[in-house]
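Please read the following note with the sequence and the structure side by side.

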Amino acid sequence: MSKLPTFIEQHRTQIPGNIPSARLCVDREQWIEAANAMHDAGALLLSLWGVDDRDRDRCFAVYAAFLLPDTLLVVEYPIQVKTAPRYPSIATWFPAALRMQRGLYDLLGIAVNEPNADTRGWLCHGGWPEKFFPLRRKVDGGRQFPAGSEPYPFVSVEGDGVHEIAVGPVHAGTIEPGHFRFSVVGEKVLRLEERLGYTHKGVGKRFEGLSQSEGHHLAARVSGDSTVAFSWAYCSALEAITQIACPARATELRALALEHERLANHLGDLGALGNDAGFAFGLTQFSRLKEDLLRANTFAFGARYLFDYVTPGGVASDLPLDGSRLLLEQYSAIEGSVSNLRSIYAEHAGLQDRFREAGKLETGLARKLGAVGLAARASGISLDLRIDHPWPPYDRLTANLIVQTGGDVAARLEVRFDEIFESLRLCRALLGGISAGPIQIPVPLAEPDLLGVGLIEGWRGPVMIALEAGPDGVIRRCHAHDPSWQNWPLLEYAILGNIVPDFPLINKSFNLSYSGQDG
Amino acid sequence: MFDVLSRMLRTGILTEPAPIPDDSSPVVEGLQTDLRRILGRALCIRHVDAGSCNGCELEIQALNNPYYNLEGMGIKFVASPRHADLLMVTGPVSVNMEEALKRTYDAVPEPKWVVALGDCGACGGIFGTSYASRGGVANIIPVNFTINGCPPTPTSILRGILETVRTPLGPGRTTSSADIQG
């Protein structure tokens, strides 16, 4: 790792967060220099967002959060203009920023200073006026506009025999909406272009003015399958800025819930992947195991899905009396069945034929695109916040890193299998050494204008919340970031050269959130 | 192959009895008869996510696991609205999905039921109405039945479906989405 430029070393100040975090205020030149330095240091772009602070600081600002080996660095560039704010794009170093920059423009009207920038709406599909920027401070987010839609020119591929297949936004199954435009020759995919944003429901604006003690309900619903990760990230940020330490028992129960969320999603995906390759037996078996786990959740946490289980200052309920015993029995049952099913999958020639070499994403490309989470680990990138930046209770749990180098559907499947066993180990360790004591402590109101971050490794990848407090216990601004932002573009590359009928399988192997990225 | 068969045998049949509808009418056994009487065949459901957080989707998927034996009761999820009798809609209707939802609704042949699923489908939930959200499904297309919950459990979804099909579809109960939105 190269040394960071002096202005970064000297001027960064610590900010509250569940992992060591710092903030750096920069000017236009330093913004570019910082992005360059972050790239050279091998940092990962975690998120990019903007704010309208004209009411307080007379400026707009853009923020970029980078993950360095020892810290999370939030770089802030205040833009001192009254009209048409602009900032330099950082996509040269971090291609993952491209869509975030488009989203930022749609919500705030802060554009990149780039003559060739993609100006097609990402979150705005024409359903509200072009010059209506919902996240601007004085804009009334409750306004409704008559339905309208903008044409969206997809990049077209020309040549002999090339044709387009348009899929979505409504898909043929119980899945979220999004549009995929394939350019194909015969069955072979030459290009895939994703168009997302269909489930944008104004989460960022909805957070504004919400009471700090209620924000976790909304955070829990940014992406339902990662509800524990998001609500924990929110509560971590709030607890960091109010300087309270969550009781040990509560953090352990949160980790238990987070690992259950990982288990439930992985079990579901393993079944769905079998099914997408024509092996319905796999779906039956894994969906049964998932259902068993969800029922154990009802017993242990009071609900099948853990919406609102993580609350500011702790968790909503304690384990029932013989909760531990029942959960341990459940873990053994899952472990035995998953081992058995893993060998069935491994020995099934037809399945392996579909999984191997399908949707391959090489390590170098994955790194360049800024891949995160499960998909990154399946492409040989060692990246897991629970290991690299452990927050309580992971600081004493020592999770093991799971990595596969294949980068194909098979590798993403194997990462899931391995992570199931590792999660079960962590769950047992958590239950075995669980602390006594309270599960909830009161959270005071946060000081106005404090910025705090919460960063949690959800089952899909790092989930981030950047929370800024307002006066009288309200939220001034809360930015929720789902790892799907970084990983959706990976799919556009992984599909290249594959055949159209393999798309559902390859898409499922990533299993990204539409709602999480649309916000 | 031996492993697969042996696992199937060891797993056995997991299906549980179907839930009793809330009005405690005598039931579940009668469900297939009811479906045959009303539809003359199985009930086909098309699901549309109109902006959900994906929590409701997880529970709809769970409904297809072996414990609930959905197809055994004569209910199945289909891939096209043109094959459907019932449209199951989740999420607050996002502004960006409004048109797709209306088109899907119009593609379902008459007679049809619409079920709004989850607290968001019922009233917009925590997202409410805003520049980006139209709130509950009934603000956009006619809704026959609402199933609350965040997310509703598979059992309550199943119970809701049973109650929906037992509600007679009177003339004029379904209208084109265009009539509502003007």
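**Notes on the predicted complex**

1. Where pLDDT is low, the predicted coordinates should not be read in detail. Chain B as a whole averages a pLDDT of 85, and 85% of its residues score at least 70.

2. A word on conventions is needed here. This is a predicted model, in which local features need pLDDT of at least 70 and side-chain atom pairs count only at pLDDT 80 or more, while totals for chains, interfaces and linings use all residues. Residues are numbered from 1 along each chain as its sequence is written, and chains are lettered from A, with ligands numbered from 1, in the order in which they are written. For the complex, the predictor gives an ipTM of 0.95 and a pTM of 0.95.

3. How many residues does the contact take from chain B and from chain A? It takes 44 residues from chain B and 51 residues from chain A. On the side of chain B that touches chain A, the elements that give two or more residues are helix 1 (2–11), strand 1 (43–49), helix 3 (55–63) and helix 4 (98–107) of chain B; here helices (H or I, at least four residues) and strands (E, at least two) are DSSP runs, numbered from the N terminus. Helix 3 of chain B provides the largest share of that side, six residues. By class, the side of chain B that touches chain A has 21 nonpolar, 17 polar and six charged residues, where Ala, Val, Leu, Ile, Met, Phe, Trp, Tyr, Cys and Pro count as nonpolar, Asp, Glu, Lys and Arg as charged, and the others, Gly among them, as polar.

4. One helix pair spans the two chains: helix 9 (residues 323–347) of chain A and helix 1 of chain B pack at an angle of about 150°, with their axes 10 Å apart. Axes are lines fitted to C-alpha atoms, for helices over the stretch in contact, and angles run from 0 to 180 degrees between N-to-C directions. Helix 9 of chain A and helix 1 of chain B are therefore roughly antiparallel, since angles under 35 degrees count as roughly parallel, over 145 as roughly antiparallel, 65 to 115 as roughly perpendicular and the rest as oblique. The contact is made by N340(A), S343(A) and I344(A) of helix 9 of chain A together with D3(B), V4(B) and R7(B) of helix 1 of chain B, and these residues divide into two nonpolar, two polar and two charged.

5. Helix 9 of chain A also packs against helix 15 (residues 409–432) of chain A, at an angle of about 160° and with the axes 10 Å apart, and the two are therefore roughly antiparallel to each other. The residues of this contact divide into eleven nonpolar, one polar and three charged.

6. In chain A, five strands form an open sheet in the order 1-2-5-4-3, with mixed pairing; two strands pair if DSSP finds at least two bridges between them. Strand 1 (13–15) and strand 3 (44–52) of chain A stand at the edges, each with a single partner strand, so one side of each is left without a neighbour in the sheet. Strand 2 (residues 21–25) and strand 5 (residues 72–79) of chain A pair in the parallel sense over five bridges, with R23(A) opposite V74(A). Strand 4 and strand 5 of chain A, by contrast, run antiparallel and are joined by eight bridges, and they form a hairpin with four residues between them.

7. Chain B has an open sheet of five strands in the order 2-1-3-4-5, with parallel pairing. Strand 2 (75–77) and strand 5 (145–147) of chain B stand at its edges, each with a single partner strand, so one side of each is left without a neighbour in the sheet. Strand 4 (residues 113–117) and strand 5 of chain B pair in the parallel sense over three bridges, and V115(B) stands opposite F145(B).

Methods
Contact = placed C-beta atoms within 7 Å. pLDDT = per-residue confidence, 0-100.
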